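Here is a short report on charged side chains. Look over the sequence and the model, then read on.

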Amino acid sequence: MPSYLQVQNISKSYGPKVLFENISFNINEGDKIALIAPNGTGKSSLLSILAGKDSSDRGGEIKFLKNIVIAFLEQETMLDPGKTIMEQVISGIAPGAVHRDSWELETEVKQILTSLGLSDFDCPCSSLSGGESKRVAIASVLASNADFLVLDEPTNHLDLDAIEYLEDYLSKSRRTLFMVTHDRYFLDRVCNTILELDGGNLYTYKGNYQYYLEKREERLAVASALNEKYRNIYRRELEWMRSTPCARTGKARYRENAFYDLQEKAAPIRETRQMEINLGSARLGRKIVNCRDVGFSYGDRCILQHFTYNFAQGEKVGIVGANGIGKSTFLNLLTGTMQPSCGEIDRGETVRFGYYRQEGISFREDQTVLEAVQDIAETVRDATGAQIAVTSFLQQFLFPVEMFNTRISRLSGGEKRRLYLLTVLMQRPNVLILDEPANDLDIVTLNVLENYLKDYDGCVILVSHDRFFLDKIVDHLFVFTGGGHVKDFVGSYSEYREFMQERRRAEARAARAEKPAAAPRENSAQVSDKKKLTWKEQREKEQIEAELPVLEARKAALEEEMSSGALDIATLTAKSREIEQIISDIEFKELRWIELSE
């Protein structure tokens with residue numbers, strides 16, 4: 001396959017802080033690569049250099065294959081408030097990426113926008129939320145015919161349906177992809193290569209996220225063993241250096257030079273520290289938050305109605321639903337930041353909320369990291385109740401001593417979020433309210449936070465679009481379905497999603513079975529009130545109706561073969577993979593048939 005991109009010896013520093021130095025890598029056509037690194041180590045800077053938005057320090061070289069078109073999705077979305085959604089998407093398509101007539105392009109843009117949950121194409125961009133703006137930017141990238149997509153945190157601020165659509169789209173696309181993401185399910189299902197930026201060096205893993213985890217541990221173990229070997233030799237050579245007279249022979253001078261080379265190899269491996277959260281929570285009484293027939297509306301728009309629930313100690317509940325449906329409003333009602341339109345919310349006397357808001361807090365940009373934390377407290381209590389200085393606590397959160405006097409304005413977005421999380425947890429809350437904590441936090445930090453929350457003895461109420469994070473933490477879900485309705489689902493997010501997909505498949509099968517042979521003719525007034533399918537959509541619907549019975553029959557035949565007991569291991573494995581693909585195809589086509597039917 002042709003090489004789309006060759007990167008040789010590029011470097012980036014900000015003042016004395018070196019992000020990466022003299023790194024090189026290659027991206028071939030069809031590669032789907034994810035870049036993993038802790039916050040503040042240069043992920044966004046590297047993507048900006050590749051996309052031509054920034055340049056390497058001290059030379060280096062970036063070579064793209066001639067005439068390939070690049071589309072870049074930046075982490076922060078900037079839209080023109082004077083344009084409609086449709087105008088913005090089309091104007092945002094990368095130059096040189098349009099090879100279709102205007103009608104075909106507009107049709108494709110509408111399909112993508114609808115799949116991303118944006119059906120009002122004439123809506124002004126000035127009225128869009130952060131999540132809606134992100135979806136508009138994504139639509140511009142997908143609607144382009146760009147050969148090479150560079151995506152910086154594409155799942156941030158998206159709801160779960162939009163994330164799953166994007167995941168499915170990119171996993172099936174043949175376009176070359178280079179992205180930064182903290183969404184581990186997304187990464188695992190889309191990418192075939194992982195690049196890890198660690199300590200300024202770049203490591204390549206040819207596989208998905210699970211493969212990366214295994215091989216990374218092997219790499220660290222080998223590096224540690226080799227370093228220990230060098231350290232043993234170094235200790236012996238150090239004794240020789242100290243005991244040998246100053247006047248040395250040529251042979252001794254050679255050994256001395258070798259000693260200094262060995263000294264460098266035997267230096268302690270740069271500590272790959274993980275964030276630590278070693279905190280207890282304040283005592284929590286039996287009453288936490290009791291809701292009785294709570295309702296809330298914005299004018300005529302009902303956000304919540306007839307909600308009754310008593311939260312319990314040790315409970316971990318996830319809150320899911322589309323963007324703008326009222327999840328953050330619900331959290332504000334629970335904490336007393338907003339008051340309900342009706343009903344009653346009774347909070348226990350011992351409740352101490354820790355509220356991590358999606359929008360974060362406004363740090364004073366001229367403050368240092370240490371000053372921002374000392375404004376809250378000089379000491380904190382750990383899980384044993386012992387007091388520790390905030391300087392030690394900062395180091396547990398991967399803010400080393402040399403960063404204590406760094407101005408807030410110099411921190412990366414992820415570092416600011418980590419500092420914000422620290423300020424919430426250091427107050428030892430016993431009820432944690434977390435609104436999209438996974439946004440902008442790196443994977444290492446998320447893993448540590450997950451482990452802390454699993455063992456947390458208070459109550460956790462969590463809004464997140466990170467499916468891996470939800471699956472690892474929550475016991476049950478509050479599903480916001482619109483119109484103020486909330487359903488309580490006992491189980492993980494993946495179990496809920498499987499339940500919903502099975503229900504949709506059953507509805508699709510029932511609808512096809514009940515489809516009349518000849519529908520009665522409708523008068524022209526009735527027809528004009530309905531949104532007609534285009535000729536292309538009608539043909540697609542008819543094709544799906546023809547393909548589904550064939551797929552179902554093949555699935556049944558495979559199931560019969562696999563249960564016969566007559567297949568060898570290799571054949572059984574191949575059949576198993578085929579049936580997995582067929583099930584996926586059936587599911588996709590049934591959901592698409594429902595969309596077209598509606």
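## A patch of negative charge

D122 sits in the loop between α3 (102-115) and α4 (130-143). Helices here are DSSP runs of H or I with at least four residues, strands are runs of E with at least two, and both are numbered from the N terminus. D122 is exposed, at a relative accessible area of 61%. Exposed means over 50%, buried means under 20%, and partly exposed lies in between (1.4 Å probe, protein chains only).

On the surface, D122 gathers with D80, E87 and D120 in a patch of negative charge. Patch residues have over 30% relative accessible area and no salt bridge; like charges are joined within 9 Å, and nonpolar side chains (Val, Leu, Ile, Met, Phe, Trp, Tyr) within 5 Å. Asp and Glu count as negative, Lys and Arg as positive, while His and the chain ends are not counted.

## About the model

This is a predicted model, in which local features need pLDDT of at least 70, side-chain atom pairs count only at pLDDT 80 or more, and totals for chains, interfaces and linings use all residues. Residues are numbered from 1 along each chain as its sequence is written, and side-chain values use heavy atoms, leaving out hydrogens and water.

## Salt bridges

Side chains of opposite charge can pair when their charged atoms come close. How many salt bridges does the structure hold? There are 26 salt bridges. Each is a side-chain nitrogen of Lys or Arg within 4 Å of a carboxyl oxygen of Asp or Glu.

One of them joins K12 to D54, with the closest N and O atoms 3.3 Å apart. K12 belongs to strand β1 (residues 3-14) and D54 to the loop between α1 (43-50) and β4 (61-64), so this pair ties together parts 42 residues apart in sequence. K12 is buried, at 7% relative accessible area. D54 is partly exposed, at 27%.

D168 is partly exposed at 27% relative accessibility. K172 is partly exposed at 46%.

E344 meets R292 in a salt bridge (3.4 Å, N to O). E344 is in strand β13 (residues 342-347) and R292 in strand β10 (residues 289-298), so the pair ties together parts 52 residues apart in sequence. E344 is partly exposed, at 43% relative accessible area. R292 is partly exposed, at 38%.

Technical notes. Accessible areas come from the Shrake-Rupley method with a 1.4 Å probe; for residues, only the protein chains shown count as cover. The place of a charge is taken as NZ of Lys, CZ of Arg, CG of Asp or CD of Glu.
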